[in-house]
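Subject: Structure handover

Hello,

Here is the structure I promised to pass on. Please open it alongside this email.

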Amino acid sequence: MINPFDAMQSAVDIVNTSEHHKNKIAACLFTDTTMISCVNHRPERLSNVFTPDIRMGKSSQFVHSEVSCIHAFEAETEGASLCVTDPFCPNCAKAIVEAGITHVYIDHKGLKKEFAQRRGEEFENLSLLMMEKAGITVSIIHRKDKKIEALLAPQIQTRAAGASAIEFFDIAGELSLKDMIHSFRNRQPHGPWACARIKEPNGKLSGILVFENLPTGITPQEFNEKKDFSPKYGLTIDPINRLLFYIKRKNLKLIDNHVGSNLFPSSRAMVNAIGFGINRLTIGEETKTPGTSRHNAAQLLEENSVLSIDRLY
């Protein structure tokens, strides 16, 4: 049986292999019988083209270690536990919630690092808030002393039966992603959503429709209270990110590494998508704010043949 001490040690053992010049972070996702350890890294399709300092809009090129573990895990992530060498950022907190992870362990040394000090308020006010509302336990692990210290132990540790604002539908005949986007665009104009063709564990081909949403348990009132807390992080979850994490949560298989969205996803979501092996993105609507970070990132990725983008407008 895999225990948190061994899982954390496997993350610590590889942390210095990260290419990041400043924030080298590693994580390990595990169950009783399966584990995978990853560092924050640049996907090969990005590192083959860009130097590390080039930004994708507002995002770096690095897929965070927690997200890399979710992608690389060979079983469903729902119910798994996560060890991470450093306190996790709010974006990774969203990934943890959406992937159905139930317990997070942080190495005690990570709490003393410069990154933790610099982003401490966001960790406490955003990351831990999302953990508390989703009923996810957070612990500090002391490897040498074989001690686990509770950082957050929510009174209610149950989880929702299924993620909200996600729909499945049968694929009729050879229904293409383009056809799906045209259909959903008429039904749900302008609000952010994403879709894809998937294969379920029983082999059935289906479609999935995912809407932008707040993390489990976060209320509109809490969103309004926190929306201006950080210029870097927010509470809403980009639908492309939700789609990627939910597919891993239920161990579904994406067909053709192709996803669709009615609007351009965030630059961070595009980097994550590339890390997940997505090579084609179809966009349904022209937005009214060209020249933003996400458009700049999309243009850079498209011009350098990193991501193929189809536009239906």
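Below are the notes on the domains, the salt bridges and one glutamate.

First, the ground rules. This is a predicted model, so local features need pLDDT of at least 70 and side-chain atom pairs count only at pLDDT 80 or more, while totals for chains, interfaces and linings use all residues. Residues are numbered from 1 along each chain as its sequence is written, and side-chain values use heavy atoms, with hydrogens and water left out.

**Domains**

The domain assignment gives domain 1 (4-152) and domain 2 (166-212 + 238-311). Such bounds come from an automatic or database assignment. The C-alpha centres of the two domains lie 25 Å apart.

In domain 1, 31 residues are in contact with 24 residues of domain 2. Contact means heavy atoms within 4.5 Å. The area buried between the domains is about 2,300 Å², and carbon and sulfur atoms give 59% of that. Buried area is the accessible area (1.4 Å probe) that two parts lose on being put together, summed over both. On the domain 1 side, Arg45, His71 and Glu98 lose the most area to domain 2, together 29% of what that side buries.

Polar links also cross this interface. The rule finds 17 residue pairs in polar contact there, both at pLDDT 80 or more. A polar contact is a pair of N or O atoms within 3.5 Å; within protein, one must be able to donate a hydrogen and the other to accept it, and residues adjacent in sequence count only if both atoms are side-chain atoms. Helices H2 (44-47), H3 (65-72) and H4 (90-98) each give two or more residues to the side of domain 1 that touches domain 2. H4 supplies the largest share of that side, 4 residues. Helices (H or I, at least four residues) and strands (E, at least two) are DSSP runs, numbered from the N terminus.

**Salt bridges**

The whole structure has 12 salt bridges. Between domain 1 and domain 2 the count is 3. A salt bridge is a side-chain nitrogen of Lys or Arg within 4 Å of a carboxyl oxygen of Asp or Glu.

Glu78 and Lys250 meet in a salt bridge at 2.7 Å, N to O. Glu78 is partly exposed at 25% relative accessible area. Lys250 is also partly exposed, at 22%. Here buried means under 20% relative accessible area, exposed over 50%, and partly exposed in between (1.4 Å probe, protein chains only).

Arg197 and Asp256 form another salt bridge, at 3.8 Å, N to O. Arg197 lies in strand E8 (residues 193-199) and Asp256 in strand E10, so the pair ties together parts that are 59 residues apart in sequence. Arg197 is buried at 18%, whereas Asp256 is exposed at 58%.

Arg311 pairs with Glu302 in a salt bridge, the closest N and O atoms being 2.9 Å apart. Salt bridges that share partners join Glu78, Arg249 and Lys250 into one network.

**Glu122**

Glu122 lies in helix H6 (residues 120-134). Glu122 counts as buried, at 7% relative accessibility. Its side chain makes a polar contact of 2.6 Å with the side chain of Ser230. A polar contact of 3.0 Å joins the side chains of Glu122 and Arg119. Leaving aside residues up to four places away in sequence, Glu122 touches Pro90, Ser127, Phe229, Ser230, Lys232 and Tyr233.

Best wishes
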